[in-house]
Amino acid sequence: MDNRRNFIKKAAITSAGIAILPNLSMGSTLGKNTQKLRVAVLGIGERGIMHLNNLIKRNDVDVTAICDVDMARIALAQKNMEKAGQKKAKVFGKNDMDYRNMLALKEVDAVVISTPWLWHTKMAVDSMRAGKYTGLEVSAANTMEECWDLVNVHEETGAHLMILENVNYRQDVLAVVNMVKQNLFGELSHFRCGYQHDLRAVKFNNGKQPYGGGVEFGEKGFSEAHWRTQHSLLRNADVYPTHGLGPVAVMADINRGNRFVSLTSHASKPLGLHNYIVNHPQGGPDHPNAKIKWKQGDVITTTIETAKGETIIVTHDCNLPRPYSLGFRVQGVSGISEFDYHTKRIHIEGKTEGHGWEDMDNYLKEYDHPLWKKYGNDAQGAGHGGMDFFVINAFVESAKENLAPPMDVYDAAAWSAVTPLSELSIENNGAPQDFPDFTRGNWIKRAPYNWMKDTY
């Protein structure tokens, strides 16, 4: 976490600079939806380049600025923009804090942030203070203080923030949202979800490619291995909860008539990363990284209770060999569904025969979401099976109108709070941890977002 400490020192030195940035207006053109949205992309790594590529395909967006401290990534971004017939963007990244100069540009209305996790909140806070409509990659925050920073700055400035949780737009997820809204499962009681993804070849590589080829990380690692692996070394927590939790939170109307109340978390012993290093051809028992003691448990299980009495089991499982799965379960008084890429099954009382399961394919077709019916062809090739098209579309359309997005700052805070709360619970032998009410009581009267419309 040395990078974090260095960042805080730099932030303190430059804090006066951001204070004099104008609290820029989003401009009347956004409200009228008559001119192109001027977007800056902050972070041009593997995730940032995906967002950039989707933005430059749109005829209602101009990418006016890009920022990254890696000039090779900047060159790639400019090349992709040139191929798409776009003008070259202004470039920032001469040092870690140069992004603040980008935020001062009048020709930037909105910012997409896709940087390493420890930068997320600070950059999002600075972006909102500069009056920019902010899109922030997941997770949005690492600590409880950061969760509150996002909420407080939004309320102080009026600038909106959208957490860019793309799984909320997966085709089967939105079909199940449709089923929930049409009361197919009856009153809901229980959910399961998580992030179950073998990331060993992401957390380690040979320093030359983003996925695999070695057992290096940190200064010797490349791409996510350069920074992400450090979290497994220093934190025993569910550090990546939102892919599974975001869709479930929508189904449960979290922050809009319901909220997370408390959680308990437990972690298994940490074996997976050490075993990977020892057995890898480029590693072995004598490799320096084989001597490291990892803190993060291989499987972390969190149980959340909601104000309406539902329970949600969230699983983080990234350090062991396993097929990819988010492990969704939606269960109510009238039926149950368990679905993912490899398993799609459902049981509806009065429709499904006996006590068995039936395949979900017919249900997924019947309840296919209006967004996918309308834009499914446009989403092809956008990344992550089309999800990336829809999440960027929602961000752009919300920003053009300067309206609260489908997944707002209160969602960003509540979903991300699982990380510090799970860490506290694990440290205290599974002791319950209370969720703050980030809406300050407004969850009781906030209306759910209309997830069934066909625009965004």
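A: The structure, a predicted model, holds 26 salt bridges, a salt bridge being a side-chain nitrogen of Lys or Arg within 4 Å of a carboxyl oxygen of Asp or Glu. Residues are numbered from 1 along each chain as its sequence is written, and side-chain values use heavy atoms, with hydrogens and water left out. Because the model is predicted, local features need pLDDT of at least 70 and side-chain atom pairs count only at pLDDT 80 or more, while totals for chains, interfaces and linings use all residues.

One of the salt bridges joins Arg73 to Glu46, with 3.7 Å between the closest N and O atoms. Arg73 belongs to helix H4 (residues 71–83) and Glu46 to helix H3 (residues 46–55), so this pair ties together parts 27 residues apart in sequence. Helices (H or I, at least four residues) and strands (E, at least two) are DSSP runs, numbered from the N terminus. Arg73 counts as buried at 15% relative accessibility, whereas Glu46, at 27%, is partly exposed. Here buried means under 20% relative accessible area, exposed over 50%, and partly exposed in between (1.4 Å probe, protein chains only).

Helix H3 also supplies Arg47, which forms a salt bridge with Glu137; the closest N and O atoms are 3.0 Å apart. Glu137 sits in the loop between strand E5 (133–136) and H7, so the two residues tie together parts that are 90 residues apart in sequence. With 7% relative accessibility, Glu137 is buried.

In the pair Arg170 and Asp172, the closest N and O atoms of the salt bridge are 2.8 Å apart. Arg170 is buried, with a relative accessible area of 3%, and Asp172 also counts as buried, at 9%. Elsewhere, Arg58, Asp60, Glu397 and Lys400 are linked in a network of salt bridges.

The axes of H7 and helix H16 (residues 409–416) come within 8 Å and cross at roughly 170 degrees. Axes are lines fitted to C-alpha atoms, for helices over the stretch in contact, and angles run from 0 to 180 degrees between N-to-C directions. H7 is therefore roughly antiparallel to H16; angles under 35 degrees count as roughly parallel, over 145 as roughly antiparallel, 65 to 115 as roughly perpendicular and the rest as oblique. In this contact (heavy atoms within 4.5 Å), Cys147, Leu150, Val151, His154 and Glu155 of H7 meet Val409, Tyr410, Ala413 and Ser416 of H16.
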